[in-house]
Amino acid sequence: MSGAEDFLRARGLWRRKPRGEGWLLSDVRLTVRGGQRLAIVGPSGSGKTLLLRALARLDPLDRGEILWRGEAVVGNRVPDFRRHVIYLHQRPVLGEGTVEDSLQAPYRLNVHRASRFDRQRLVEWLRLLGRDAQLLTRRQRELSGGEAQIIALLRAIQLQPQVLLLDEPTAALDADATLAVERLIDVWMRQDDTARATVWVSHDQQQAARVSTKMLALQQGRLQGGGSC
Amino acid sequence: MLNPTYIELDASRVALAALLILVNGAISLALRLGMARTLLVASARTVVQLVLVGMVLQWVFGDRPWFVVLGLLMLMTFIAGVTAVQRNQRRYPGIWTDTMISVWVSSWLITSFALLVVIRDMQPWYQPRYAIPLLGMVLGNTLNGISLGMNALTEALVTRRDEVESLLALGASRWEAAAAAVRHAVRTGMVPIVNAMMVVGVVSLPGMMTGQILAQAEPLQAVKYQIVIMFLVASATGLGTVGVILLGYRRLFNADHQFLYDQISE
(Lines give C-alpha, C1' and ligand atoms only; values in the text may rest on other atoms or scores of the structure.)
Protein backbone atom coordinates (compact mmCIF):
# COMPACT_ATOMS: atom_id res chain seq x y z
CA MET A 1 0.00 0.00 0.00
CA SER A 2 2.93 2.29 -0.45
CA GLY A 3 1.92 5.75 -1.57
CA ALA A 4 -1.53 5.50 -0.02
CA GLU A 5 -2.43 8.20 2.45
CA ASP A 6 -2.10 7.58 6.21
CA PHE A 7 -5.57 7.95 7.68
CA LEU A 8 -5.53 6.64 11.18
CA ARG A 9 -2.47 6.00 13.26
CA ALA A 10 -2.32 4.49 16.74
CA ARG A 11 0.89 5.32 18.56
CA GLY A 12 1.83 3.09 21.49
CA LEU A 13 -1.60 2.49 23.00
CA TRP A 14 -1.59 1.24 26.57
CA ARG A 15 -4.63 0.57 28.70
CA ARG A 16 -4.43 -0.76 32.24
CA LYS A 17 -6.82 -3.33 33.72
CA PRO A 18 -9.44 -1.58 35.88
CA ARG A 19 -8.23 -3.21 39.10
CA GLY A 20 -4.98 -4.96 39.72
CA GLU A 21 -1.91 -5.57 37.65
CA GLY A 22 -1.49 -6.00 33.94
CA TRP A 23 -2.60 -4.40 30.72
CA LEU A 24 -5.64 -4.74 28.50
CA LEU A 25 -3.75 -3.13 25.62
CA SER A 26 0.01 -2.93 25.56
CA ASP A 27 2.06 -0.89 23.15
CA VAL A 28 -0.34 -1.25 20.23
CA ARG A 29 0.99 0.45 17.11
CA LEU A 30 -1.12 0.46 14.01
CA THR A 31 -1.57 2.50 10.84
CA VAL A 32 -4.66 2.44 8.66
CA ARG A 33 -4.13 3.77 5.13
CA GLY A 34 -6.61 4.68 2.43
CA GLY A 35 -7.82 1.60 0.56
CA GLN A 36 -6.80 -0.85 3.28
CA ARG A 37 -9.03 -3.64 4.50
CA LEU A 38 -7.61 -4.79 7.80
CA ALA A 39 -8.85 -7.63 9.93
CA ILE A 40 -7.95 -8.10 13.56
CA VAL A 41 -8.32 -11.64 14.83
CA GLY A 42 -7.75 -13.18 18.22
CA PRO A 43 -9.44 -15.25 20.90
CA SER A 44 -12.21 -13.70 22.98
CA GLY A 45 -10.78 -11.56 25.76
CA SER A 46 -7.69 -10.70 23.72
CA GLY A 47 -8.75 -7.04 23.58
CA LYS A 48 -10.15 -6.79 20.03
CA THR A 49 -13.18 -4.72 20.98
CA LEU A 50 -11.10 -2.53 23.30
CA LEU A 51 -8.61 -1.87 20.51
CA LEU A 52 -11.37 -0.91 18.08
CA ARG A 53 -13.00 1.35 20.69
CA ALA A 54 -9.62 2.92 21.40
CA LEU A 55 -9.18 3.61 17.67
CA ALA A 56 -12.56 5.40 17.69
CA ARG A 57 -11.45 7.35 20.82
CA LEU A 58 -14.44 5.96 22.70
CA ASP A 59 -12.39 4.96 25.77
CA PRO A 60 -9.64 6.78 27.63
CA LEU A 61 -6.10 5.44 27.32
CA ASP A 62 -3.40 5.30 29.94
CA ARG A 63 -0.72 6.05 27.37
CA GLY A 64 -0.46 6.62 23.66
CA GLU A 65 -2.35 8.64 21.11
CA ILE A 66 -4.51 8.40 18.04
CA LEU A 67 -3.66 10.54 15.04
CA TRP A 68 -6.06 11.37 12.23
CA ARG A 69 -4.21 12.52 9.12
CA GLY A 70 -1.21 13.35 11.26
CA GLU A 71 -3.04 15.32 13.94
CA ALA A 72 -3.68 14.15 17.49
CA VAL A 73 -7.39 13.48 18.09
CA VAL A 74 -8.15 15.26 21.36
CA GLY A 75 -10.79 17.49 22.93
CA ASN A 76 -13.24 19.12 20.59
CA ARG A 77 -11.62 17.52 17.54
CA VAL A 78 -13.07 14.18 18.66
CA PRO A 79 -16.69 14.56 17.39
CA ASP A 80 -15.44 15.73 13.99
CA PHE A 81 -12.97 12.82 13.90
CA ARG A 82 -15.88 10.44 14.56
CA ARG A 83 -17.57 11.86 11.50
CA HIS A 84 -14.76 10.34 9.46
CA VAL A 85 -14.10 7.24 11.54
CA ILE A 86 -17.25 5.42 12.65
CA TYR A 87 -17.28 2.54 15.11
CA LEU A 88 -20.07 0.00 14.64
CA HIS A 89 -21.23 -1.98 17.59
CA GLN A 90 -21.80 -5.73 17.47
CA ARG A 91 -25.39 -5.23 18.64
CA PRO A 92 -26.69 -2.09 16.96
CA VAL A 93 -28.92 0.33 18.86
CA LEU A 94 -31.30 2.16 16.61
CA GLY A 95 -33.59 3.90 19.10
CA GLU A 96 -37.35 4.35 18.91
CA GLY A 97 -39.65 4.89 15.94
CA THR A 98 -39.34 3.75 12.34
CA VAL A 99 -36.23 2.76 10.42
CA GLU A 100 -36.34 6.10 8.62
CA ASP A 101 -36.44 7.98 11.96
CA SER A 102 -33.30 6.17 12.97
CA LEU A 103 -31.56 6.94 9.70
CA GLN A 104 -32.44 10.63 9.98
CA ALA A 105 -31.35 10.94 13.63
CA PRO A 106 -27.60 11.55 13.02
CA TYR A 107 -28.38 14.63 10.92
CA ARG A 108 -29.60 16.36 14.07
CA LEU A 109 -26.07 16.16 15.49
CA ASN A 110 -23.94 19.24 15.19
CA VAL A 111 -21.17 17.61 13.11
CA HIS A 112 -23.66 16.48 10.44
CA ARG A 113 -25.72 19.69 10.27
CA ALA A 114 -24.19 20.66 6.92
CA SER A 115 -25.18 17.32 5.32
CA ARG A 116 -28.69 16.40 4.29
CA PHE A 117 -30.62 13.19 4.63
CA ASP A 118 -30.84 11.56 1.19
CA ARG A 119 -33.72 9.09 1.10
CA GLN A 120 -33.24 8.27 -2.56
CA ARG A 121 -29.66 7.17 -2.06
CA LEU A 122 -30.74 4.87 0.79
CA VAL A 123 -33.43 3.34 -1.37
CA GLU A 124 -30.77 2.60 -3.99
CA TRP A 125 -28.58 0.96 -1.36
CA LEU A 126 -31.53 -1.16 -0.21
CA ARG A 127 -32.28 -2.19 -3.81
CA LEU A 128 -28.69 -3.30 -4.17
CA LEU A 129 -29.24 -5.58 -1.18
CA GLY A 130 -32.46 -6.96 -2.65
CA ARG A 131 -34.72 -4.94 -0.32
CA ASP A 132 -37.37 -2.39 -1.17
CA ALA A 133 -38.17 1.02 0.29
CA GLN A 134 -40.86 -0.57 2.45
CA LEU A 135 -38.18 -1.42 5.00
CA LEU A 136 -37.83 2.29 5.80
CA THR A 137 -41.38 2.47 7.17
CA ARG A 138 -41.04 -0.56 9.47
CA ARG A 139 -40.81 -0.16 13.24
CA GLN A 140 -37.31 -0.84 14.49
CA ARG A 141 -38.29 -3.35 17.09
CA GLU A 142 -39.86 -5.49 14.34
CA LEU A 143 -36.50 -5.88 12.58
CA SER A 144 -34.52 -9.13 12.64
CA GLY A 145 -30.92 -9.03 13.86
CA GLY A 146 -29.62 -9.04 10.30
CA GLU A 147 -31.94 -6.24 9.19
CA ALA A 148 -31.01 -4.14 12.20
CA GLN A 149 -27.31 -4.57 11.45
CA ILE A 150 -27.83 -3.58 7.81
CA ILE A 151 -29.72 -0.45 8.89
CA ALA A 152 -26.97 0.39 11.38
CA LEU A 153 -24.43 0.05 8.58
CA LEU A 154 -26.47 2.19 6.20
CA ARG A 155 -26.88 4.77 8.95
CA ALA A 156 -23.09 4.98 9.19
CA ILE A 157 -22.35 4.76 5.45
CA GLN A 158 -24.80 7.55 4.51
CA LEU A 159 -22.68 9.91 6.64
CA GLN A 160 -19.80 9.31 4.22
CA PRO A 161 -17.14 8.22 6.66
CA GLN A 162 -13.66 7.30 5.49
CA VAL A 163 -12.97 4.50 7.94
CA LEU A 164 -15.42 1.94 9.30
CA LEU A 165 -14.42 0.16 12.51
CA LEU A 166 -16.50 -3.00 12.50
CA ASP A 167 -16.80 -4.86 15.79
CA GLU A 168 -17.89 -8.40 14.88
CA PRO A 169 -20.85 -7.03 12.94
CA THR A 170 -22.06 -10.50 11.91
CA ALA A 171 -21.43 -12.40 15.16
CA ALA A 172 -25.14 -12.66 15.96
CA LEU A 173 -26.36 -13.16 12.38
CA ASP A 174 -27.25 -16.22 10.27
CA ALA A 175 -25.33 -17.15 7.12
CA ASP A 176 -27.53 -15.18 4.68
CA ALA A 177 -27.48 -12.03 6.77
CA THR A 178 -23.72 -12.39 7.22
CA LEU A 179 -23.20 -12.48 3.47
CA ALA A 180 -25.48 -9.47 2.98
CA VAL A 181 -23.46 -7.43 5.47
CA GLU A 182 -20.15 -8.50 3.92
CA ARG A 183 -21.46 -7.60 0.47
CA LEU A 184 -22.69 -4.18 1.61
CA ILE A 185 -19.28 -3.31 3.03
CA ASP A 186 -17.51 -4.65 -0.05
CA VAL A 187 -19.66 -2.52 -2.36
CA TRP A 188 -19.11 0.52 -0.18
CA MET A 189 -15.32 0.02 -0.32
CA ARG A 190 -15.29 -0.46 -4.08
CA GLN A 191 -17.14 2.81 -4.64
CA ASP A 192 -14.07 4.81 -3.69
CA ASP A 193 -11.24 2.41 -3.12
CA THR A 194 -8.46 4.77 -2.13
CA ALA A 195 -10.49 7.14 0.03
CA ARG A 196 -11.94 4.47 2.29
CA ALA A 197 -10.71 1.81 4.70
CA THR A 198 -12.13 -0.83 7.02
CA VAL A 199 -10.87 -2.43 10.20
CA TRP A 200 -12.87 -5.56 10.82
CA VAL A 201 -12.67 -7.41 14.13
CA SER A 202 -13.64 -11.07 13.94
CA HIS A 203 -13.13 -14.25 15.89
CA ASP A 204 -13.75 -16.19 12.66
CA GLN A 205 -10.49 -16.67 10.72
CA GLN A 206 -12.30 -17.61 7.51
CA GLN A 207 -14.42 -14.51 7.56
CA ALA A 208 -11.39 -12.37 8.38
CA ALA A 209 -9.62 -13.79 5.32
CA ARG A 210 -12.68 -13.09 3.17
CA VAL A 211 -13.14 -9.47 4.16
CA SER A 212 -9.56 -8.28 4.48
CA THR A 213 -6.39 -7.82 2.52
CA LYS A 214 -4.29 -7.89 5.66
CA MET A 215 -4.77 -9.77 8.91
CA LEU A 216 -3.37 -8.87 12.30
CA ALA A 217 -3.48 -11.09 15.36
CA LEU A 218 -4.13 -9.72 18.83
CA GLN A 219 -3.03 -11.74 21.83
CA GLN A 220 -3.51 -10.51 25.39
CA GLY A 221 -3.72 -6.93 24.26
CA ARG A 222 -0.59 -7.08 22.13
CA LEU A 223 -0.52 -7.02 18.34
CA GLN A 224 1.56 -9.92 17.07
CA GLY A 225 4.30 -9.55 14.53
CA GLY A 226 5.54 -6.12 15.53
CA GLY A 227 2.09 -4.51 15.42
CA SER A 228 2.94 -1.95 12.80
CA CYS A 229 1.79 -2.21 9.26
CA MET B 1 -42.49 33.42 75.16
CA LEU B 2 -43.60 34.63 78.61
CA ASN B 3 -47.21 34.93 77.61
CA PRO B 4 -47.90 32.42 74.90
CA THR B 5 -51.14 33.03 73.08
CA TYR B 6 -51.64 29.35 72.34
CA ILE B 7 -52.55 26.51 74.71
CA GLU B 8 -49.39 25.07 76.22
CA LEU B 9 -48.92 21.31 76.21
CA ASP B 10 -47.49 19.66 79.31
CA ALA B 11 -46.02 16.17 79.43
CA SER B 12 -49.32 14.56 80.50
CA ARG B 13 -51.07 15.85 77.39
CA VAL B 14 -48.28 14.48 75.20
CA ALA B 15 -48.67 11.16 77.02
CA LEU B 16 -52.35 11.10 76.03
CA ALA B 17 -51.33 11.25 72.38
CA ALA B 18 -48.84 8.42 72.99
CA LEU B 19 -51.81 6.25 74.07
CA LEU B 20 -52.92 6.26 70.44
CA ILE B 21 -49.68 4.57 69.43
CA LEU B 22 -50.33 1.95 72.12
CA VAL B 23 -53.65 1.24 70.41
CA ASN B 24 -51.79 0.75 67.13
CA GLY B 25 -49.37 -1.58 68.90
CA ALA B 26 -52.25 -3.60 70.33
CA ILE B 27 -53.79 -3.98 66.86
CA SER B 28 -50.42 -5.13 65.52
CA LEU B 29 -50.11 -7.74 68.26
CA ALA B 30 -53.69 -8.96 67.76
CA LEU B 31 -53.26 -9.34 63.99
CA ARG B 32 -49.63 -10.55 64.32
CA LEU B 33 -48.43 -7.85 61.96
CA GLY B 34 -44.99 -7.89 63.54
CA MET B 35 -45.07 -4.11 63.68
CA ALA B 36 -45.28 -3.59 67.44
CA ARG B 37 -41.54 -3.46 67.99
CA THR B 38 -40.94 -1.19 64.98
CA LEU B 39 -43.70 1.15 66.15
CA LEU B 40 -42.16 1.29 69.61
CA VAL B 41 -38.72 2.11 68.23
CA ALA B 42 -40.14 4.70 65.81
CA SER B 43 -42.14 6.36 68.57
CA ALA B 44 -39.16 6.41 70.91
CA ARG B 45 -36.99 7.92 68.16
CA THR B 46 -39.63 10.57 67.45
CA VAL B 47 -39.65 11.60 71.10
CA VAL B 48 -35.87 11.53 71.62
CA GLN B 49 -34.95 13.24 68.33
CA LEU B 50 -37.53 16.00 68.68
CA VAL B 51 -36.77 16.67 72.33
CA LEU B 52 -33.07 16.90 71.49
CA VAL B 53 -33.64 19.25 68.59
CA GLY B 54 -36.02 21.29 70.75
CA MET B 55 -33.34 21.64 73.42
CA VAL B 56 -30.76 22.69 70.83
CA LEU B 57 -33.14 25.24 69.31
CA GLN B 58 -34.10 26.59 72.73
CA TRP B 59 -30.42 27.02 73.52
CA VAL B 60 -29.56 28.62 70.17
CA PHE B 61 -32.54 30.97 70.31
CA GLY B 62 -31.23 32.23 73.64
CA ASP B 63 -29.30 35.10 72.04
CA ARG B 64 -26.23 33.21 70.91
CA PRO B 65 -23.44 34.85 68.88
CA TRP B 66 -23.48 34.61 65.08
CA PHE B 67 -20.84 31.91 64.83
CA VAL B 68 -22.90 29.48 66.89
CA VAL B 69 -25.85 29.94 64.52
CA LEU B 70 -23.56 29.64 61.51
CA GLY B 71 -21.99 26.46 62.93
CA LEU B 72 -25.41 24.89 63.38
CA LEU B 73 -26.45 25.87 59.83
CA MET B 74 -23.25 24.31 58.48
CA LEU B 75 -23.83 21.12 60.43
CA MET B 76 -27.38 20.88 59.07
CA THR B 77 -26.11 21.38 55.50
CA PHE B 78 -23.36 18.80 55.93
CA ILE B 79 -25.83 16.19 57.23
CA ALA B 80 -28.15 16.92 54.30
CA GLY B 81 -25.26 16.36 51.87
CA VAL B 82 -24.27 13.07 53.49
CA THR B 83 -27.90 11.90 53.39
CA ALA B 84 -28.25 12.84 49.73
CA VAL B 85 -25.19 10.76 48.77
CA GLN B 86 -26.25 7.81 50.90
CA ARG B 87 -29.60 7.63 49.15
CA ASN B 88 -27.84 6.96 45.84
CA GLN B 89 -27.75 3.38 44.65
CA ARG B 90 -24.78 4.03 42.38
CA ARG B 91 -21.60 5.96 43.01
CA TYR B 92 -18.83 7.50 40.97
CA PRO B 93 -15.57 9.13 42.04
CA GLY B 94 -16.39 12.71 42.93
CA ILE B 95 -20.03 12.16 43.91
CA TRP B 96 -19.33 13.45 47.44
CA THR B 97 -17.82 16.71 46.22
CA ASP B 98 -20.52 17.24 43.60
CA THR B 99 -23.35 16.59 46.05
CA MET B 100 -21.87 18.76 48.82
CA ILE B 101 -21.29 21.65 46.41
CA SER B 102 -24.84 21.39 45.04
CA VAL B 103 -26.54 21.11 48.45
CA TRP B 104 -24.44 23.90 49.86
CA VAL B 105 -24.69 26.42 47.03
CA SER B 106 -28.40 25.94 46.30
CA SER B 107 -29.66 25.97 49.88
CA TRP B 108 -27.46 28.80 51.14
CA LEU B 109 -28.04 31.00 48.12
CA ILE B 110 -31.81 30.66 48.31
CA THR B 111 -32.01 30.89 52.11
CA SER B 112 -29.81 34.00 52.07
CA PHE B 113 -32.10 35.54 49.48
CA ALA B 114 -35.08 34.75 51.72
CA LEU B 115 -33.46 36.19 54.84
CA LEU B 116 -31.82 39.25 53.35
CA VAL B 117 -34.20 40.20 50.55
CA VAL B 118 -37.65 38.69 51.18
CA ILE B 119 -38.06 38.79 55.00
CA ARG B 120 -35.18 41.25 55.56
CA ASP B 121 -36.50 43.22 58.58
CA MET B 122 -35.20 40.97 61.33
CA GLN B 123 -32.46 41.94 63.76
CA PRO B 124 -29.80 40.64 63.75
CA TRP B 125 -29.61 39.31 60.18
CA TYR B 126 -28.76 35.80 61.34
CA GLN B 127 -31.81 35.64 63.63
CA PRO B 128 -31.91 31.87 64.32
CA ARG B 129 -35.70 31.82 64.71
CA TYR B 130 -35.87 32.50 60.96
CA ALA B 131 -32.60 31.16 59.57
CA ILE B 132 -32.74 27.66 61.09
CA PRO B 133 -36.27 26.60 60.16
CA LEU B 134 -36.01 28.19 56.70
CA LEU B 135 -32.76 26.44 55.88
CA GLY B 136 -34.11 23.22 57.38
CA MET B 137 -37.13 23.22 55.09
CA VAL B 138 -35.06 24.13 52.04
CA LEU B 139 -32.49 21.40 52.81
CA GLY B 140 -35.09 18.70 53.41
CA ASN B 141 -36.54 19.19 49.94
CA THR B 142 -33.31 19.96 48.12
CA LEU B 143 -31.60 16.79 49.26
CA ASN B 144 -34.61 14.86 48.05
CA GLY B 145 -34.42 16.42 44.58
CA ILE B 146 -30.66 15.97 44.41
CA SER B 147 -30.69 12.29 45.34
CA LEU B 148 -33.65 11.52 43.04
CA GLY B 149 -31.99 13.40 40.19
CA MET B 150 -28.61 11.70 40.60
CA ASN B 151 -30.23 8.28 40.83
CA ALA B 152 -32.18 8.98 37.66
CA LEU B 153 -29.05 10.18 35.83
CA THR B 154 -26.91 7.14 36.62
CA GLU B 155 -29.86 4.81 36.05
CA ALA B 156 -30.55 6.32 32.61
CA LEU B 157 -26.87 6.25 31.63
CA VAL B 158 -26.43 2.63 32.71
CA THR B 159 -29.59 1.35 31.03
CA ARG B 160 -29.09 3.42 27.88
CA ARG B 161 -25.35 2.89 27.67
CA ASP B 162 -25.45 1.39 24.15
CA GLU B 163 -27.63 4.25 22.90
CA VAL B 164 -25.31 6.88 24.39
CA GLU B 165 -22.26 5.19 22.89
CA SER B 166 -23.92 4.77 19.49
CA LEU B 167 -24.53 8.51 19.42
CA LEU B 168 -20.94 9.26 20.38
CA ALA B 169 -19.70 6.85 17.71
CA LEU B 170 -21.71 8.74 15.09
CA GLY B 171 -20.11 12.06 16.05
CA ALA B 172 -22.33 13.34 18.86
CA SER B 173 -20.68 15.69 21.31
CA ARG B 174 -20.77 14.57 24.94
CA TRP B 175 -23.66 16.96 25.56
CA GLU B 176 -25.65 15.65 22.58
CA ALA B 177 -25.09 12.09 23.78
CA ALA B 178 -26.06 12.82 27.39
CA ALA B 179 -28.81 15.40 26.90
CA ALA B 180 -31.75 12.96 27.00
CA ALA B 181 -30.50 11.36 30.23
CA VAL B 182 -29.74 14.76 31.79
CA ARG B 183 -33.21 16.14 30.98
CA HIS B 184 -34.90 13.02 32.29
CA ALA B 185 -32.87 13.25 35.52
CA VAL B 186 -33.71 16.91 36.13
CA ARG B 187 -37.41 16.26 35.56
CA THR B 188 -37.32 13.29 37.95
CA GLY B 189 -35.64 15.38 40.66
CA MET B 190 -38.28 18.10 40.33
CA VAL B 191 -41.34 15.81 40.38
CA PRO B 192 -41.99 15.79 44.17
CA ILE B 193 -41.81 19.55 44.64
CA VAL B 194 -43.87 20.29 41.52
CA ASN B 195 -46.49 17.77 42.67
CA ALA B 196 -46.49 19.33 46.14
CA MET B 197 -47.04 22.79 44.65
CA MET B 198 -49.94 21.46 42.57
CA VAL B 199 -51.90 20.11 45.53
CA VAL B 200 -50.82 22.39 48.37
CA GLY B 201 -53.83 23.66 50.30
CA VAL B 202 -56.19 21.42 48.35
CA VAL B 203 -55.18 17.92 49.38
CA SER B 204 -52.90 18.82 52.28
CA LEU B 205 -52.24 21.71 54.62
CA PRO B 206 -48.48 22.12 54.98
CA GLY B 207 -47.05 21.50 58.45
CA MET B 208 -45.44 24.90 58.73
CA MET B 209 -48.63 26.75 57.91
CA THR B 210 -50.64 24.58 60.28
CA GLY B 211 -48.04 25.25 62.98
CA GLN B 212 -48.25 28.98 62.52
CA ILE B 213 -52.05 28.88 62.67
CA LEU B 214 -51.93 26.81 65.88
CA ALA B 215 -49.52 29.43 67.26
CA GLN B 216 -52.24 32.02 66.66
CA ALA B 217 -50.90 33.57 63.47
CA GLU B 218 -53.47 35.05 61.12
CA PRO B 219 -54.27 32.39 58.50
CA LEU B 220 -53.52 34.81 55.66
CA GLN B 221 -50.13 35.63 57.17
CA ALA B 222 -49.43 31.92 57.52
CA VAL B 223 -50.44 31.45 53.88
CA LYS B 224 -48.03 34.18 52.75
CA TYR B 225 -45.20 32.49 54.62
CA GLN B 226 -46.16 29.19 53.09
CA ILE B 227 -46.15 30.63 49.57
CA VAL B 228 -42.70 32.07 50.17
CA ILE B 229 -41.51 28.70 51.48
CA MET B 230 -42.89 26.83 48.49
CA PHE B 231 -41.11 29.17 46.09
CA LEU B 232 -37.86 28.97 48.05
CA VAL B 233 -38.01 25.20 48.18
CA ALA B 234 -38.86 24.87 44.49
CA SER B 235 -36.07 27.17 43.37
CA ALA B 236 -33.48 25.60 45.69
CA THR B 237 -34.52 22.12 44.55
CA GLY B 238 -34.27 23.18 40.92
CA LEU B 239 -30.88 24.80 41.42
CA GLY B 240 -29.48 21.90 43.47
CA THR B 241 -30.83 19.22 41.13
CA VAL B 242 -29.59 20.90 37.95
CA GLY B 243 -26.26 21.62 39.66
CA VAL B 244 -25.56 18.10 40.84
CA ILE B 245 -26.64 16.58 37.52
CA LEU B 246 -24.43 18.90 35.47
CA LEU B 247 -21.48 18.26 37.79
CA GLY B 248 -22.10 14.51 37.52
CA TYR B 249 -22.34 14.77 33.74
CA ARG B 250 -18.95 16.52 33.65
CA ARG B 251 -17.43 13.68 35.67
CA LEU B 252 -18.96 10.91 33.56
CA PHE B 253 -18.20 12.48 30.18
CA ASN B 254 -14.67 13.80 29.74
CA ALA B 255 -13.34 16.56 27.52
CA ASP B 256 -12.49 13.99 24.81
CA HIS B 257 -16.21 13.26 24.47
CA GLN B 258 -15.90 9.82 26.04
CA PHE B 259 -18.50 8.24 28.31
CA LEU B 260 -16.70 6.91 31.40
CA TYR B 261 -19.12 4.08 32.10
CA ASP B 262 -16.56 2.20 34.21
CA GLN B 263 -16.61 5.02 36.75
CA ILE B 264 -20.16 4.14 37.82
CA SER B 265 -20.29 1.49 40.52
CA GLU B 266 -23.36 -0.14 42.07
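1. The model is a predicted one. One of these salt bridges links B:E165 to A:R53, with 2.8 Å between the closest N and O atoms. Polar contacts between chain B and chain A amount to 10 residue pairs, both residues being at pLDDT 80 or more.

2. On the side of chain B that touches chain A, helix α6 (residues 161-169) of chain B gives the most, with 8 residues. By class, that side of chain B holds 8 nonpolar, 6 polar and 7 charged residues.

3. In the contact, 27 residues come from chain A and 21 residues from chain B. The two chains bury about 1800 Å² between them, and 51% of this lies on carbon and sulfur atoms. Within chain B, the residues that lose the most area to chain A are B:A169, B:L170 and B:Q258, which together account for 32% of what that side buries.

4. Which strands of chain A pair with β3(A)? Strand β8 (residues 197-202) runs parallel to β3(A) and is joined to it by 5 bridges; here A:V41 has A:S202 as its bridge partner. Strand β9 (residues 214-219) also pairs with β3(A) in the parallel sense, over 4 bridges, and A:L216 is the bridge partner of A:I40.

How values were computed
Residues are numbered from 1 along each chain as its sequence is written. Chains are lettered from A and ligands numbered from 1 in the order in which they are written. This is a predicted model: local features need pLDDT of at least 70, side-chain atom pairs count only at pLDDT 80 or more; totals for chains, interfaces and linings use all residues. Side-chain values use heavy atoms; hydrogens and water are left out. Contact means heavy atoms within 4.5 Å. Buried area is the accessible area (1.4 Å probe) that two parts lose on being put together, summed over both. A salt bridge is a side-chain nitrogen of Lys or Arg within 4 Å of a carboxyl oxygen of Asp or Glu. A polar contact is a pair of N or O atoms within 3.5 Å; within protein, one must be able to donate a hydrogen and the other to accept it, and residues adjacent in sequence count only if both atoms are side-chain atoms. Helices (H or I, at least four residues) and strands (E, at least two) are DSSP runs, numbered from the N terminus. Ala, Val, Leu, Ile, Met, Phe, Trp, Tyr, Cys and Pro count as nonpolar, Asp, Glu, Lys and Arg as charged, and the others, Gly among them, as polar. Two strands pair if DSSP finds at least two bridges between them.
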